[in-house]
Amino acid sequence: SETSVSVFMSLMSCFLHETGHLIDELFMTSAQRKKILDIVKSSEEYQEMMHKREILLSAKKLSSKDKDILKDFNLLLTDKELFARAFAEFEANKSQGALLEQLQKDAILSSSTKKYFPSVAGEIKKAYSEILSEVGL
């Protein structure tokens with residue numbers, strides 16, 4: 001059924017993200033990690049997230065919802081999370097199918113926090129391809 005496919009794609013999206021963490025921990029040098037993070041941090045999406053985070057940080061009083069959004073930003077903007085999400089996006093872009101659509105849907109559902117970096121997807125693809133080849137993956 002359509003619901004089963006959607007659930008499966010959500011699980012695959014999560015699996016790719018967690019695989020990104022595993023690859024980061026087991027195989028990446030600091031230089032390789034920096035190469036990916038520099039690309040991600042140059043993206044429009046990252047810059048937008050940072051800007052929204054700064055606005056929330058400068059507010060004198062935050063609503064409960066804004067506190068939750070700030071908490072999300074504080075997690076999503078860590079290097080470990082940026083690396084893992086970039087890896088998930090890299091793998092999903094290779095499929096150009098239902099998995100990529102699910103990643104995009106998950107990003108839309110995250111409301112004010114963008115989780116992926118389509119503005120630099122080509123650069124991420126090139127960098128990950130080179131780095132994974134270097135480490136034999």
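**Which side chain makes a polar contact with the side chain of Asp 24?** It is the side chain of Arg 33, at 2.5 Å; a polar contact is a pair of N or O atoms within 3.5 Å, where one must be able to donate a hydrogen and the other to accept it, and residues adjacent in sequence count only if both atoms are side-chain atoms. This is a predicted model, in which local features need pLDDT of at least 70, side-chain atom pairs count only at pLDDT 80 or more, and totals for chains, interfaces and linings use all residues. Residues are numbered from 1 along each chain as its sequence is written, and side-chain values use heavy atoms, leaving out hydrogens and water.

**View 1. Asp 24 sits in helix 1 (residues 2-27).** Helices are DSSP runs (H or I, at least four residues), numbered from the N terminus. With 2% relative accessibility, Asp 24 counts as buried (under 20% relative accessible area; exposed is over 50%, with a 1.4 Å probe and protein chains only).

**View 2. Helix 3 has a buried side.** Here Glu 45, Tyr 46, Met 49 and Leu 56 are buried. They share one side of helix 3 because they cover an arc of only 95° around the axis, taken from the directions from the helix axis to the C-beta atoms. Exposed Glu 44, His 51 and Ser 58 lie on the face turned away.

**View 3. Val 40 has several partners.** Leaving aside neighbours within four places in sequence, Val 40 is in contact (heavy atoms within 4.5 Å) with Tyr 46, Leu 82, Ala 86, Phe 117 and Ile 124.

Definitions and conventions: Helices (H or I, at least four residues) and strands (E, at least two) are DSSP runs, numbered from the N terminus.
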